Amino acid sequence: MSSRERILGRVRRALADVPAAERQDDTPYKQAVPRDYVRVHGDRSVAETVDLLAENLADYRAIVHRCTAGDLSVTIAGMLAARGAKTVLVPPGLDAKWLSAAEAERVPDLAGSTPDELDRVDSVVTACAVAVAETGTIVLDGSPDQGRRRITLVPDHHICVVRVPEQVVSSVPQALERLDPARPLTWISGPSATSDIELDRVEGVHGPRTLEVVLVDGQESADVSS
Amino acid sequence: MSGTFVGMPAFPKAAHEAVHDQTLRGNLRHATHTIRAKRANAVAEVSDWAELREAGKQIKDHTLRHLDRYLVQLEESVTAAGGTVHWAADADEANRIVADLVKATGESEVVKVKSMATQEIGLNEALEAEGIRAYETDLAELIVQLGKDRPSHILVPAIHRNRGEIRDIFRKEMSEWGRPAPEGLTDTPAELAEAARLHLREKFLRAKVGVSGANFMIAETGTLVVVESEGNGRMCLTLPETLISVVGIEKILPTWQDLEVFLQTLPRSSTAERMNPYTSTWTGTTDEDGPQNFHLVLLDNGRTDTLADEVGRQALRCIRCSACLNVCPVYERAGGHAYGSVYPGPIGAILSPQLRGTQSEIDASLPYASSLCGACYEVCPVAIDIPEVLVHLRERVVEGGEVTREGNKVVLKPAKGHAAERAAMRAARWAFSRPGALRTGQRLASRTRRFHPRSLPGPGKAWSGTRDLPAVPSEPFRDWWQRTNGGKDGGAK
C-alpha cells in the first residue's frame, strides 16, 4: 500500500464518528461555514481610505510620498538621487515615463540575472497590484510592471508606486477578491523586520531595508502597464 | 514525532530546574509581557474579532471533517500547477523523501525557512546524516542553530535568550558556519539583525535548494502560503531552483477566500501586527520566476491519530500563532524547554501527547503542565478549548482506554503513577454511594480533627507537599442542617 492510500485510509477511519449524511453533504462550501465577520472595518470615503493607507504604511516604517501623475517622474528621480542610487532595476512593463527624469542607470529584470548581480543593484522601482488601507499592505503579483519576485527582494531599496484611488481597497477580504491566486503574490507591509530579539520589532533584516511608497493621484498613467 | 527530545525528564522535573534559572525567567517574563499587551491592542482594533474567530474555527472544523476529500483536491491542484506531491506517513518517510530530492539535485546544502513541521520530524539531523547541511535562516532559528540549542517557543524559538546572550553566540559561533560576526558587535537589536543579514546573505545568494513549511495550503487552487517577517522566507522561496515544502495535512483550507479570515487573525495573534511584513503565496511553478521545481511533502506523523480522537482533534485547528504560550502563567515560568517538544506551551501540552502518544514519561506528564486557568482558550484565534483537551488527556493517562496509534486502535493501560489517585477515587465512589458509612466517617473525622496531620503520609505526600490539607469542620454539614432545621434555628453550635 502506498503512503497516499495509507494516510487517506487513516483519515477515513478517524472520521468514522462523523455522520455519513454530513460526509456526503453536497451543500456548497460557501453556505457550509457562517461568515458573520465584516467585509470592511468602518465607514470611510475614498479620500479617507487613501489617508488610512498612508497612515498605516508609515506606522510600519514605510516612507510615504504623495504626488500627482504629472510630478511622478520628478518625485522618483528625487528619491533615487537622495538615496544616491547609481543603478535601478526596472521591470519590463514599467511605464517608461516614470523614470524619465532619473539619472540612475537602468538595469533590466532578466531571467538570466544571477542573485549576485541583483545584489549589486542599488534600487528597484515597481508598480503594484493592489494596496490594503486597513493593514498598510501593498501586494505585488508579478505583472510586467512589477517583475519577478526576486527583484523587489535582493536590492536594499524598493520604490513602489500605487495609483490612487483605483488600486486601493479597504480590507484584506477586498484585496483577495481582486487577486489571482494563480500568480505568485508578495504581500508587503513595511520594510523587512523581525520580532525575534525579545519579541520586540526591529526593522531591517533580509528584505529591502528601505521601502518607499508613492501614492500617485490622477488618471494620466492609469491606462498603461495593466 | 521524532526523537529530538528523547530522554527528556517529565515536565515537573524539567520545570523545577527551569524556574530556578533567574536569567531565563527574566527573559521570558520580559518577552511574554511585551507581546501580551500588544496583542490585546491589535485584537481590539478589529470590531469583529469574535466573528473572525468563530469563522476560523468553523472553516478548520469543516476541513478536518472532510480532510480526505480536500487532500485529494489539493493534490490535483498542485499537480496541475506544475508541482509534485509526495505523501509521508511518518517522520522517517518524510526525511527520506526530502533527502532523496536534495540528492537528486546534486547539492549538499539547503537553506531553510522556519518551519515547525521540519523541526517536528528532525529534518536537519536526518539531512546531516546524509551529508547535507541545512542552514536555518530565520533569525531566532539561526540563534538556536548557532548556539547548539533547542527551540523554546513556536514563533520565537530563541525567546529564552536575551540580547547579550545572542551577541555572545554570534561572536563565538558565526565563523564556524560562514561569515563571522562584525568586529565590535554590540547587543543592540538592530546591530544583531544586521549581523544576521550579512552572515546569511552569501548563503541565500548561492542556494540552489530551499526547504520550507507552509502556514496554509488552498485545496481549490493548489496555492501555498508562507507568512513571515524578515524576508528570509522570500529568499528561500524565490532564489533557489528547487523548492521542497513539508506541510502537515491539517494545514489545508478549502478556498482562496478562506485566507481573508486567517490573514486577519494570524498576524494579530502572533506578532501583534495588523499585518506581518511579508506574505508569499505560490501556486505550483511560474515560468522564469522563482523555483522551477516544486515538491510538496504532505506529512501525517500522528495527525490522523489525533484526528481519530473526537475531543482531541480540535488541536489540529491550530495555526501556530503562539498566542497561548505568551499568556500562559506556566509557560512564562517554566519556559519552553521543559515541555520536551518542539511544540511547547498550552498547545504543546495537548498536541505532543496526541502526536507522539502518552507512553513516555514526558508525554504522560504534559497534560498536567497547566493550572487550567483558561487564558489560552481566551486568546486562541481558532477557539481551541485547550483546558477541555487537557482534562480529556489526563483522563486518558489515568484511566487508559482506546486510542489510535499509527492508524491502529490500541488499548492503553492506566498509567502506573496514578494508582493512589485511582484508589482515592474508588474509595470516594464507595463512600458516596453508602450514606450511612459516609455519615459515620464524617462524624469520626470531626471528632478526631485535633489529631489530623498537616500533610498526608505515604502516596499522598507529594500532593500535600504543595497544598494545605483542608480543615475538617467541628460538625458535619448534614448534622448541622438537621440540628438547626436548615439554619433557621440559628447556626452556632
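A residue counts as buried if 20 or more other C-beta atoms lie within 10 Å of its own, as exposed if 12 or fewer do, and as partly exposed in between, with C-beta atoms placed from the backbone. Everything shown here is a predicted model, in which local features need pLDDT of at least 70 and side-chain atom pairs count only at pLDDT 80 or more, while totals for chains, interfaces and linings use all residues. Residues are numbered from 1 along each chain as its sequence is written, and chains are lettered from A and ligands numbered from 1 in the order in which they are written.

View 1. Helices (H or I, at least four residues) and strands (E, at least two) are DSSP runs, numbered from the N terminus. In α8(B), residues 139-146, eight of the eight residues are buried; among them are B:Leu139, B:Glu141, B:Gln145 and B:Leu146. These buried residues pack against β10 of chain A, and also against β3 (133-136), α9 (163-177) and α10 (189-206) of chain B; contact here is a C-beta to C-beta separation within 7 Å, with these atoms placed from the backbone. Just past the helix, B:Lys148 adopts a positive phi of about 45 degrees.

**View 2. Where chain A meets chain B.** Chain A brings 63 residues to the contact and chain B brings 81 residues. Elements of chain A that each supply at least two residues include α1 (3-14), α7 (172-178) and β10 (193-197). The largest share on this side, 10 residues, belongs to α1(A). By type, the chain A side has 29 nonpolar, 16 polar and 18 charged residues, where Ala, Val, Leu, Ile, Met, Phe, Trp, Tyr, Cys and Pro are nonpolar, Asp, Glu, Lys and Arg are charged, and the others, Gly among them, are polar.

View 3. Look for A:Leu185, which stands opposite B:Thr281.

**View 4. The two domains of chain B.** Domain 1 covers 1-413 and domain 2 covers 434-483, with bounds from an automatic or database domain assignment. Their centres, taken over C-alpha atoms, are 48 Å apart. Chain B has a mean pLDDT of 93, with 98% of its residues at 70 or more; pLDDT is the predictor's confidence in each residue, from 0 to 100. For the complex, the predictor gives an ipTM of 0.95 and a pTM of 0.92.

Definitions and conventions: Contact = placed C-beta atoms within 7 Å. Pairing = 2+ DSSP bridges.
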